[in-house]
Amino acid sequence: MANKPAEDPVQPHPVKEQLPGIQYCINSPPPWPEAFMLGFQHYVLTLGFSVLIPSLIVPQMGGSDAEKAKVIQTLLFVSGLNTLFQSLFGTRLPVVVVGSYAYLVPTISIVLAKRYASLTDPQDRFIQTMQGIQGALIVASCFQMVMGFLGFWRNTVRFLSPLSVVPCVTFTGLGLYHLGFPMVAKCIEIGLPGLIIYLPHLLKTKKPIYDRYAVLFSIAIIWLYAQLLTSSTVYNHKPTNTQKSCRTDRTGLLSTAPWIYIPYPFQWGGPTFNAGESFAMMAASVVSLFEVKLQALHLFHLLAIVPSSCLDSDIKMLQSTGTFFATSRYGSATPVPASIISRGSGWLGVGVLLNGVFGSVTGTCASVENAGLLALTRVGSRRVIQISAGFMIFFSVFGKFGALFASIPLPIIAALYCIFFGYVSSSGLGFLQFCNLNSFRTKFILGCSFFLGLSIPQYFREYYRQDFKSEHIYSGHGWFNDVVVVIFMSHATVASVVALILDCTLFRENDATRKDSGLHWWEKFCLYSSDVRNDEFYALPFCLNKLFPSL
């Protein structure tokens, strides 16, 4: 009789509440020299969107390169302040706060408004348009602060389970695929080498030097290569768009940026208020809590062909929520309690208020790409992020130095996005370890949310590319059409809402299905006081937790 084969001794990987392998977690800063290098690396990564957003908007407003340089400096200055506030009083996570693409659609709507189109003097048009944007941002900030500080967002986040968090975090990174290789391909001769040289497995050292400073190494090498191509007149007879993407001397910033410029409140004059524009900005503030940025290539398309009656939005809380979850994972912290996410969202609202007061053409959100950089370096230290905020403020004041780094061609930065957005997406998939993947309910919710998260935005993207009207949703009210279109163009928003609805309605009261969704493990992290480790990661400084206790 044949012997019974021995059972396979291999066991599944154990569940990890805190991600192992992080060398410096939130409260363990690296040595000062290393911290400064890592902080500078985070600062360089913020330049991509800090330069791109004003470069898209300011020329449409009638502004010159001088105004564009000042708006970029203002956006960096306010981003530095907001990053400090978020790390000190918000979530306390190593989150970098940057300008948000979520506000770009309602901003363009204001820029193309008929009342500004009649202005013939470009300077007057720029000033008055900026004042209109400031007013809308200020109103939107009040709405977001109410949502965050009064606990409305906290009550919403408590409905999440590990199963519904998966699409939220995964599409926070995956939904930004338009900002990856398509932008690299705008100048393939520098973008593709940047992507290849960035891959950390190419160089191996005893100490993780290349992995930890890969951004600085790769940018320095490819930026020098791009400078050599520019100096050798390779692009002299290329199309204009190719020169803008490839050349290192086409930003117009280095010659126009002042040596020293300190942004100050209402530098463009007092804000003006319009009810419809304010409503659009409030919509943007909601979805950016879902998803931070819209597809950049699509917005390039909009800037060229959008009619003045089109555009609005609804974009700001869940993407930042997804980034908070990813950052806590890569900072080796426990999952973020709902009250901490709500507090962080409230401080993002304060950031939008500062953006409106200073005049920086867009609102704020948590940076997805910087969350991915935490994973690459395996350094989730709060001190590093605070140092990067110092660099943002310093280089925004000393404009010539900041303009030098801002001249890095965008395809080089886009090559980094291909890596970092993937890291954030994978952090969302990491929450599947707490779910039962052998459950057909789990498979249905994941499959349906992922598919609809891709399919529904694709329909609205095709609709938006046509004549901006659809017999299915066109209502005759521009603001309503714009809000609907922008919400449903957001991959993270659609996927998260579908997953949340299905998870809450498909037999969630059953103990077995609650266990399948990971709620048996998740519940102890829903309340701040349920886990003693929360004080270590999320407690406010200066004994402020006693004055403002978290729930």
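The lining of the largest cavity comprises nine nonpolar, four polar and no charged residues. Here nonpolar covers Ala, Val, Leu, Ile, Met, Phe, Trp, Tyr, Cys and Pro, charged covers Asp, Glu, Lys and Arg, and polar covers the others, Gly among them. By cavity I mean a set of points, on a 1 Å grid over the protein atoms alone, where a 1.4 Å probe fits but cannot get out; lining residues have an atom within 4 Å of a point.

Colleagues, this is a predicted model, in which local features need pLDDT of at least 70 and side-chain atom pairs count only at pLDDT 80 or more, while totals for chains, interfaces and linings use all residues. Residues are numbered from 1 along each chain as its sequence is written, and side-chain values use heavy atoms, with hydrogens and water left out.

Let me continue with the cavities. A volume is the space filled by probe spheres set on the points, with grid points joined across faces, edges and corners. For the largest cavity that volume is about 90 Å³. Of its 13 lining residues, Ile72, Gln73, Gly399, Gly402 and Ala403 lie nearest the centre. Helices H2 (65-89), H18 (382-397) and H19 (399-406) are the elements giving two or more residues to this lining. Helices are DSSP runs (H or I, at least four residues), numbered from the N terminus.

The second largest cavity has a volume of about 60 Å³. Among the residues lining it are Arg158, Phe325, Trp522 and Cys526. Helix H25 (residues 519-526) provides the largest share of that lining, three residues. By class, the lining has 10 nonpolar, no polar and one charged residues.

I turn to a pocket, meaning an open set of grid points with protein on both sides within 12 Å along at least five of seven lines. The second largest pocket holds about 350 Å³ of space. Its lining has 15 residues, and Phe149, Arg343, Leu540, Phe548 and Pro549 lie nearest its centre. Helix H16 (338-358) and H5 each supply at least two lining residues, with H16 giving the most, four.

Finally, helix packing. The axes of H1 (residues 32-61) and H5 (residues 122-149) come within 8 Å and cross at roughly 125°. H1 is therefore oblique to H5. Axes are lines fitted to C-alpha atoms, for helices over the stretch in contact, and angles run from 0 to 180 degrees between N-to-C directions. Under 35 degrees counts as roughly parallel, over 145 as roughly antiparallel, 65 to 115 as roughly perpendicular and the rest as oblique. The contact (heavy atoms within 4.5 Å) involves Val58, Gln60 and Met61 of H1 and, from H5, residues including Phe126 and Ile133.
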